[in-house]
Amino acid sequence: MTKYAIYFNQQWVGDHPAEWYQSRVEPSTAVVREIEAAGALVFAGGLVEDRSEAFSADATSGTITITDGPYAETTEYLGGITIVDVPDLETAKMWAGRIAEGCGWPQEVREIK
């Protein structure tokens with residue numbers, strides 16, 4: 001079995017009315033329930049969108065420094081992640097497609113080493 005991260009950047013979601021977002025709740029949570037029922041779910045969750053609530057930890061100077069806010073200012077940032085443990089790449093692709101369909105926005109997939 002191999003673990004894959006299936007994730008999206010918040011900016012990929014797009015701008016939609018509140019009703020549209022509400023319409024994505026059931027389809028996206030249904031996919032997570034399917035992954036769990038298949039025994040492949042390790043973790044699934046969205047991140048708080050307010051990046052001011054983030055903090056960073058850096059020890060590259062030899063001293064641990066904790067700083068309020070994100071580590072780097074960037075135009076794109078992680079919005080959510082699902083970790084699956086599956087037998088092959090094709091299964092990871094299938095779950096990524098199902099998640100993209102359920103959420104209504106693109107997903108990216110990378111193997112976890």
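Helices here are DSSP runs of H or I with at least four residues, strands are runs of E with at least two, and both are numbered from the N terminus. By that count, S28 sits in helix α1. The model is a predicted one, where local features need pLDDT of at least 70, side-chain atom pairs count only at pLDDT 80 or more, and totals for chains, interfaces and linings use all residues. Residue numbers start from 1 along each chain as its sequence is written, and side-chain values use heavy atoms, with hydrogens and water left out.

**Overall layout**

- The protein has two helices and six strands, and along the sequence they come in the pattern β-α-β-β-β-β-α-β.
- Along its principal axes, the C-alpha trace spans about 45 × 40 × 20 Å.
- Of the 113 residues, 28% count as buried; buried means under 20% relative accessible area, exposed means over 50%, and partly exposed is in between, with a 1.4 Å probe and protein chains only.
- Take the contacts (heavy atoms within 4.5 Å) with a separation of 6 or more: residues 24 or more positions apart account for 76% of them.

- Helix α1 covers residues 18-37, which is 20 residues. From its first C-alpha to its last it reaches 29 Å, close to the 28 Å expected at 1.5 Å a residue; the expected span is 1.5 Å times one less than the number of residues.
- There's a bend of about 30° at V25, and a proline, P27, follows within four residues. The bend is the angle between axes fitted to the seven residues ending at a residue and the seven starting there.
- The buried residues in α1 are R24, S28, A30, V31 and I35, and the buried residues of this helix pack against β2 (41-46), β5 and α2 (89-103).
- S28 counts as buried because its relative accessibility is 19%. Not counting residues up to four places away in sequence, S28 touches G102 and C103.
- Just after α1, G39 takes a positive phi of about 80°.

**Strand β5 and its partners**

- Seven of the nine residues of β5 are buried, so this strand is largely enclosed by the rest of the structure.
- β5 pairs in the antiparallel sense with β1 (residues 2-9) over eight bridges, and T2 stands opposite V86. Two strands pair if DSSP finds at least two bridges between them.
- β5 also pairs with β2, again antiparallel, over five bridges; here F43 has I83 as its bridge partner.
- D85 is in β5, which runs over residues 78-86, and D85 counts as buried because its relative accessible area is 18%.
- A polar atom of the D85 side chain lies 3.4 Å from the backbone nitrogen of T2.
- Neighbours within four places in sequence aside, D85 is in contact with M1, T2, K3, G39, A40 and V42.

**The nonpolar core**

- The largest nonpolar core has 15 residues, and those with the most contacts inside it are I6, I35, V84, V86, W95 and I99.
- β1, α1, β5 and α2 each supply at least two residues of this core, with α2 giving the most, at five residues.
- A nonpolar core is a set of buried Ala, Val, Leu, Ile, Met, Phe, Trp, Tyr and Cys residues joined through side-chain atoms within 4.5 Å.
- As background, nonpolar side chains in soluble globular proteins tend to be buried together.

**The β3-β4 hairpin**

- β3 (residues 55-58) and β4 (residues 65-68) pair in the antiparallel sense over four bridges, and D58 has T65 in β4 as its bridge partner.
- The two strands form a hairpin with six residues between them, and G62 in the turn has a positive phi of about 100°.

**I112, after β6**

- I112 is in the segment after β6 (108-111), and it counts as partly exposed because its relative accessibility is 37%.
- Setting aside neighbours within four places in sequence, I112 is in contact with K3, Y4, A5 and I83.
- I112 and R51 are 61 residues apart in sequence and 25 Å apart in space, C-alpha to C-alpha.

Conventions:
Polar contact = N/O pair within 3.5 Å; in protein donor to acceptor, adjacent residues only side chain to side chain.
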